[in-house]
Structure formats: C-alpha cells, structure tokens
Amino acid sequence: MSEADRVPSPAVPPAVVAAAPEEKKGKEPEREKLPPIVSAGAGAAAGLDRGSKGQISTLSSFISTVNQKKEAAENRSSPTHLVFPNIKNVRDLPPICLDVRQKQRISVDALSSEMKAPVLPEPVPPVQPKTMKDFQEDVEKSKSSGDWKTVHDFYLTTFDSFPELNAVFKKDASASFNTLEDSGINAKFVNAVYDALLNTPQDIQKTVLKGIINSLLREWKGLSQKRFKQLVERLLQFISLRLFPAKPEEFPPISKCSWWIPSASKVLALLNTANNLVHPPLIPYTDFYNSTLDHIDLMEEYHTWQSFGNSHRFSFCQYPFVISIAAKKIIIQRDSEQQMISIARQSLVDKVSRRQRPDMNMLFLNMKVRRTHLVSDSLDELTRKRADLKKKLKVTFVGEAGLDMGGLTKEWFLLLIRQIFHPDYGMFTYHKDSYCHWFSSFKCDNYSEFRLVGILMGLAVYNSITLDIRFPPCCYKKLLSPPIVPSDQNMPVGICSVTTDDLCQIMPELAHGLSELLSYEGNVEEDFYSTFQVFQEEFGIIKSYNLKPGGDKIPVTNQNRKEYVQLYIDFLLNKSIYKQFAAFYYGFHSVCASNALMLLRPEEVEILVCGSPELDMHALQRSTQYDGYAKTDLTIRYFWDVVLGFPLDLQKKLLHFTTGSDRVPVGGMADLNFKISKNETSTNWLPVAHTCFNQLCLPPYKTKKDLKQKLIIGISNSEGFGLE
C-alpha cells in the first residue's frame, strides 16, 4: 500500500494524527486543545453540500431521498468514509501505530458509545432436545395413537440446520472431530432415527425428506467458494478411488460397498442443485466433471440408463453433470454411428428384397448442389432425402471434380451458413452489441429455411463438424425445451423460461433499460406513460402487439411492472419468433433424435455445434504431427515462432485455413490431428492446405521473414480458389 493510499484512523482526532511524525523524532509535543470529532453523518452531509468539490460525487436525478438516507447510514457505519470539510491541504500521513495510541493515552473507555465497535455475542449451540430413549418412546406412542405430530416436529427441527444436527447426534455438540476411529457421532441414535423414518407414514416421509433437502441446499448455498469446491472435489475423488482403487485389497468386496458410488452421486446431485440456485454459481459447472469416467465403458452406462431409466439400476447417466463434455461427445458419436449403421443396413435389406443391385452410394447421404443455387439446391436435396439424414454425409459440387474426404463437406457447411446468416437474407438479425445472431420476427409464408438451419446444426453434431454460428446461450436452452420431440404435435416446443439475463445476451441495451424500469423509484405510470403493448417494425410498417388481453388499455405501474417486463421478454424471445424457432427445432431434432441429448446442458450443446473459441496454440504445437519435417528443423522452428507471436485474429485465420473452422473441437487441439507436411516446391510459392485432412503443406522457407510474409498472404486470401 502506498503512502498516498493510506488513511489515518478516523477514531483518532486530527491533532493526534499530526503529532505522529513529530513523535517519531522523539519529541513530546504540547497537548493542544482537541477539535471536536466530526461525525460521519456531518461529514457526508458536508460533502453533499459542496457538490463536485466534495469527496462524494453528485447524485443523479434517478437517486431519491431514500437512497441518500441509506447512503448516509452506510457512511455512518463505515468510518473510512469520514469527510473533514473544514480542513484544507491535509497531507497524507503514515498509519498510526500502537505506541502512538499509547503515548496519547486515548482510552477506549473514554470514547462515546457511538464510536465503540459492537461486541458480537458468542453463538449459543442448540441444546440436545431429546435422548435416544425419549425419541423411541415418542415413536412408540405415535404408532399406538396414530398421531405422528411429535415425531414429525422432531425431524423438521433436527434437520433444519447443521447446529441442530450437531445438538442431536454429536456426543458433545461443541467438540470438534478428532480421529477416524471416533468421529464423535452417536451412531446408534442416527440409525434409530433413520429406521424410524422408514416406518412413518408416506406423507410424513415426503415432508421430512423435502425439509432435509431444503436444509442442505440452504446450508450449502451459504458456503464459501473454497469450501464448496473442496466438498465437490472430495466426493469426486471418492468415486474415482472406488472405481480405480490403488490397493483393491484395502477395500471391502464390491458387494459390501455397492452403495458407496450411488450415495456419493446423490450428494453431488444436491450440491449441483445448490450451485445452480446461486446466481452467479459458486463454481463453474465444469468443476463437477469427473474425468475418471472417461475411462469406463460409457456405452454400457448409456444402455443401462436407456433400459432401466432412473430405476434401482445405477448408471452415471442418471447424474449427467459428472460426465465431461468429451465423454458425452463419445456417447453421442457412438449412438450416431449405431443409428447410421442401422439405417444403412435397413437400406441394404430393402434393396436385396427388391432384387436390386446394392450400390455403395445408398450407404451415404449424398448431396449434389450448385454453388450458384446453394440454398435452394440444399433445401431440395434435404427435403427429398429426408429418410437418409442419419447416414454419413457426402457433398459434391456440380461441375467440379473432387472426392469428398471431409473437406467438401466442411466447405458446404461454411458457404451455406455464411449465405443464410447474411443480413440481406433476412432470416436472422445480427446484434453488434452482443456479437450474435437472433431469429427475425418477420412473418413469412414458408419457414422451411429455418428448418434447413436446424437440419444443418443437427448434421454438424451428427458428423462431428464445427460450425461458425453465433447464437446466444438462450437459443440452446430453447433447443432443449424439451430435449426429446413430444409425441403430441400440438404440444409447444422451444418455449422456455427467460429472464433479463437471457435478453442481455442478445440485446444488452434493452435489457438494461428494463432493469432500470424495475428499479425506478419514481411514479412509473406518470413518468413513462406505457401500456402492456409493444411495437415492432416489419418491412417499414409499425405493428402493435398486446402483451396480454386488452394490454393497450392497461397502464404499466409500480405494482405491475414486473409482470410487464416478464411478458415483454417472453414476447421477444418466445412468442414473436415461435413459428421460426419451431421449424428450427424440428429440423435439428429430425437428425439428432437421441436420448443422449438429455445428458447435455445448453452450454454443452453450443460447444458441440460451434466448438470452443478458446485457442491454445501451445497445445497445438505439442500435438502436431510432421511429414517430411522434424520438429527441430529450422523451418518448423521459424513457423512456431511466427504463429505463437500472431495476434488472435491471425491465429484464427490460420486455423480456418488449415481445418475449415476457427473453433476448437470438444477434445481440444489434440483432436484436430493437425499435420505439417514438407512441400518440395519453390520457396516463392505460398503454403497450401488440405482442410479435409487438417494438413498444412509448407515449403522449406530459408528465413523467418519470408515464412511470415508468405504465411500471412496465404491465410488472409484463402477463399475463391475453387474450380467452376
């Protein structure tokens, strides 16, 4: 802390503060008459009177008198905010040390009661309400009389908080836990309470269990981030050690401890719920991932879950929050492959049964499109071949020679997405403030192109292609509402609960305005003169929509403004784009119709579709393979020196040039299988890339300057070289 940042203790008068430097020289100054102590309230008021000259900034017109009083009260309780308006040119002084206070003989007892810090009383632990004998007698009385109120009240009180739990079950409520051999818990009492609960009426069991869960959630939500994370990590480690024990002989037989992992998973589920109830969450959702599960038979877990659901047969898929996104991708990919094989086998059987010659093309979803009619041709092909959507995708551009080994498929996705999301196309609106696209609310006669976008996203997930799409997180939340297409076609889809946070991810200015409306302390009806009605411009025509029946005649007031904001957000994100999003929803789920989607969070769907924007070029360097080069060759060393020094936009261009996308797949850079091959050509040539193989062909440039120049030219001008 610098000298300028140090503030003298306001509990000591200014004259005492001024005397401190003199006392350091060993001189005892004469005691002057001390000026009166300026109270915090007076200082704050003086600061307000001075306006911009004071230490408190001028308040805006939106801050009311109530807020001023609240701020003054806060200043009174915080002595560091004292203002001394009558003292000019006060220089910064060092902090007052203990000996200075002693020399000035300022006694704490001499201070007024307002200046003394309040002494907090020691927390008194609850007294043990009942012994085990008392409890068992109450249970017997309840069984004979049928009145379970006493037992019910005991459960609710006991599990209301951790201090109550300690008072009931610990041998000494104030003692700490000492050893593993003696935990300090009355285990017999715990077992008695548990056994008695199993024999209570079912309605009491439900009430008690609900109370226990709510108590746990309440306690865990109040934990510090460090403590909460420690709990999660220990439970995850417990599961890992049970799955892969370092010394299996030290564990009981699996039959004796089969309940360990399910019980730990249930506790983790409660912790995950508590974490989701806090805004923002105490820890990221990724901290619940257990990477050990990446090494078990995931498909067996998935099939067990599909066969038995959430019944007594345990599966980690019942607790998908512990399964990493990489493991979920493996489940989705293998499930997709099995569906592809099943569809292809059925096509083969149909051909043979009709006595037709089998054709290898029948095993693929073959797309033949013209570059000049890309959207219409793609839409026609996908509509015609709707039954083949779950086959392996292959793309051919009409009039161009080339075998699709993955590169043409990537190019088809890239060009199609770029054209559909162009602002002139009118399907999506780009919001510059949030850097994302959102569905246009313009009404149209045919929503098939929105269905096409949904199919494209489904095909991308199905074929492990990352797309350059910028949808807000709210879109993926709607895409999983519900995660499985309902059998009832009249049931609404893509409708989810939305808040100002969701709107802020798309239209931050509008979300801020609505938040200001909610916190406005004036008269909303007189100052804003708004009704439950919204206006939208469609092709130059202003149209009005009522947020509720008769909304144009219902004024927005201080009492109903929360309802107005909620209806407004619901209109923008749900109702006004329902038909567009419903077509998009059905298109996506026509390809990704899998129970595996139920395992995913909205954020994870986004990563599967778009990849991660986090680039780690050092990780790419470590995983790169070489053909014709060694990693110690001078050209390769020049290459990585240049690339690691690139700004982020050039690094993204390099990734896009070599792989067809500037995003990182789920498995990270290692999953790219990036390769640098030696191109035995003139060093005057530019680098060449084979996007279908994620391969960069690099001539043996002699200098770093030459390599950097050629590489920048190549990655910055990498489009428009197709044959037509």
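1. Ser324 lies in the loop that connects α12 (298–308) to α13 (325–353). In this predicted model, Ser324 has a relative accessibility of 8% and therefore counts as buried, the cut-off for that class being under 20% relative accessible area. When neighbours within four places in sequence are left aside, the contacts of Ser324 are with Tyr289 and Asp294.

2. The UniProt annotation "active site", taken from an unreviewed entry, covers Cys692. Cys692 sits in the loop between β9 (688–690) and β10 (695–698). With a relative accessible area of 27%, Cys692 is partly exposed; the class of partly exposed residues lies between the limits of under 20% for buried and over 50% for exposed. The annotation should be read as coming from that record, which is unreviewed.

3. Strands β1 (residues 364–369) and β2 run parallel and are joined by six bridges. One of the pairings links Val369 to Phe397, its bridge partner in β2. Together with helix α14 (residues 374–384), β1 and β2 form a β-α-β unit, and this unit is right-handed.

4. Leu393, Val395 and Phe397 make up the covered face, whereas Lys392, Lys394 and Thr396 make up the uncovered one.

5. Helix α5 (residues 132–145) comprises 14 residues. From its first C-alpha to its last, α5 reaches 20 Å, which is close to the 20 Å expected at 1.5 Å a residue.

6. How are the buried residues of α5 placed around the axis? The residues concerned are Phe135, Asp138, Val139 and Ser142, which are buried. They cover an arc of only 100° around the axis, so they are on the same side of α5. On the other side of α5, the exposed residues are Lys133, Lys141, Ser144 and Ser145.

7. The surroundings of α5 complete the description. Its buried residues pack against two helices, α6 (149–158) and α8 (187–198). After α5 comes Gly146, with a positive phi near 80°.

Methods. Residues numbered from 1 in each chain as written. Predicted model: local features only at pLDDT ≥ 70, side-chain atom pairs only at ≥ 80, totals over all residues. Heavy atoms only, no water. UniProt positions renumbered as here; feature names shortened; annotations may be inferred. Helix = DSSP H or I, 4+ residues; strand = E, 2+ residues; numbered from the N terminus. Buried < 20%, exposed > 50% of the residue type's maximum accessible area, 1.4 Å probe, protein only. Contact = heavy atoms within 4.5 Å. Pairing = 2+ DSSP bridges. Right-handed = clockwise from strand over helix to strand, strands pointing away. Expected span 1.5 Å × (residues − 1). Arc of directions from axis to C-beta.
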